[in-house]
Amino acid sequence: MSVETGQDIRVHEGAGRRPTLEIRDLNIEFSRRRVWTSVVYDVSLKIMPGEIVGVIGESGSGKTLSALAALRLLPKQARVAKGSVQLGDVDVLAQSEVAMRDLRGNRMALIPQDAMQSLNPTMRVGLQVAEPISLHRGKPLRSVANVATRLLETVGIARPAERAKAFPHQFSGGMQQRAMIAMGLALAPDLLIADEPTTALDVTVQAQVLKLLRDIRDASGTSILFITHDLGVVAELCDWVYVMRYGRIVEQGSVTRIFTEPKEEYTRMLLAATPSLHSPLHGGKRS
Ligand SMILES: Nc1ncnc2c1ncn2[C@@H]1O[C@H](COP(=O)(O)OP(=O)(O)O)[C@@H](O)[C@H]1O
Ligand SMILES: [Mg+2]
């Protein structure tokens, strides 16, 4: 750590502050033809209250599986072989499935990469946004519909009362992603986990969604774990960044330090491959 240069101070860290999420020595295995193979090795990372943490790495480096493990949403063929996940005071890996259902939504919410695929095409957007409140608080869906309108307004959707009655296909890609964010915010979780949420969006809309996430953090102190393969996005949004490669974390640091003094050859390579880091609206690579 280059603490002596004063550039790698984790500003959200403080004496006695407990991380919102802390993953320790996480190992994940995948079953291929009935043989378990390691795909994530000794991943340790944390997110402090009010902090936006980036996890960057090329496709296949283990970003999504690490996040899904924290949510206990790994696919059937994958398992946690070792490690711990602490969400505030909760030992996530020790929870029952019923307890997990309560934690998801209430304490942490996932904003997926493809909003359109995650939205129910046959259900009005407002009702979908309100559904977590209805399920978790045991209230009839219609009775919480007005909350959905307010949430849609929070995420910057114009004419929210009218838009709440629309179906997902009547929304643009950016609006669909905003609706997913509204749904994630419904129960005011401490942590949002956003897995490449802007990858499918064009650059202008992407910048608007990043600004929205930053505004949410500034207004509510929500911690955000932001997964991306795009260093430009990290530069715009994050306070702290972990660099992953081949299932391991190879470097971590403040965004300023990573961008000015990358230690790992791999991080330097990623920086060199991100052409327009210094323009305000850099063109993110899309996959
Ligand atoms: N459905 C799958 N079947 C087999 N292996 C998988 C599957 N999903 C992920 N993996 C393995 O786990 C690794 C990490 O995947 P993932 O976490 O999705 O990477 P990332 O999100 O960084 O692109 C992959 O490189 C692959 O080896
Ligand atoms: Mg992924």
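The questions below concern helices, residues and a ligand site.

Me: How are the residues, chains and ligands labelled, and what kind of model is this?

Reply: Residues are numbered from 1 along each chain as its sequence is written, while chains are lettered from A and ligands numbered from 1 in the order in which they are written. The model is predicted: local features need pLDDT of at least 70, side-chain atom pairs count only at pLDDT 80 or more, and totals for chains, interfaces and linings use all residues.

Me: How are two packed helices described?

Reply: They are described by the angle between their axes and the distance between the axes. Helices (H or I, at least four residues) and strands (E, at least two) are DSSP runs, numbered from the N terminus. Axes are lines fitted to C-alpha atoms, for helices over the stretch in contact, and angles run from 0 to 180 degrees between N-to-C directions.

Me: What is the arrangement of α7 relative to α8 called, and why?

Reply: Helix α7 (residues 173-185) packs with helix α8 (residues 203-220) at an angle of about 15°, the axes being 10 Å apart. Therefore α7 is roughly parallel to α8; angles under 35 degrees count as roughly parallel, over 145 as roughly antiparallel, 65 to 115 as roughly perpendicular and the rest as oblique. The contact, which requires C-beta atoms, placed from the backbone, within 7 Å, includes Q177 and I181 of α7 and V209 and L212 of α8.

Me: What makes α5 oblique to α7?

Reply: Helix α5 (residues 145-154) and α7 pack at an angle of about 120°, with axes 9 Å apart. That angle is why α5 is called oblique to α7. On the α5 side the contact is made by L151, L152 and T154, and on the α7 side by A179, A182 and L185. These residues divide into 5 nonpolar, 1 polar and no charged; Ala, Val, Leu, Ile, Met, Phe, Trp, Tyr, Cys and Pro count as nonpolar, Asp, Glu, Lys and Arg as charged, and the others, Gly among them, as polar.

Me: Which word describes α4 relative to α5, and why?

Reply: Helix α4 (residues 125-137) packs with α5 at an angle of about 110°, with axes 8 Å apart. So α4 is roughly perpendicular to α5. Among the contact residues are G126, L127 and A130 of α4 and A145 of α5. By class, the contact has 9 nonpolar, 2 polar and no charged residues.

Me: How do you know whether Q177 is buried or exposed?

Reply: Q177, in helix α7, has 31 other C-beta atoms within 10 Å and is therefore buried. The cut-offs are 20 or more such atoms for buried, 12 or fewer for exposed, and in between for partly exposed, with C-beta atoms placed from the backbone. Not counting residues up to four places away in sequence, Q177 touches A115, P197, L201 and V209.

Me: What is A145 called on this scale, and why?

Reply: A145, in helix α5, is partly exposed because 19 other C-beta atoms lie within 10 Å. Leaving aside residues up to four places away in sequence, A145 touches G126, L127, A130 and A164.

Me: Which residues surround ligand 1?

Reply: The residues around ligand 1 include F30, V39, K63 and P75; a residue is near a molecule or strand if its C-beta atom, placed from the backbone, lies within 6 Å of it. Helix α1 (residues 63-71) gives the most to this shell, with 3 residues. The shell has 4 nonpolar, 6 polar and 1 charged residues.

Technical notes
Two residues are in contact if their C-beta atoms, placed from the backbone, lie within 7 Å.
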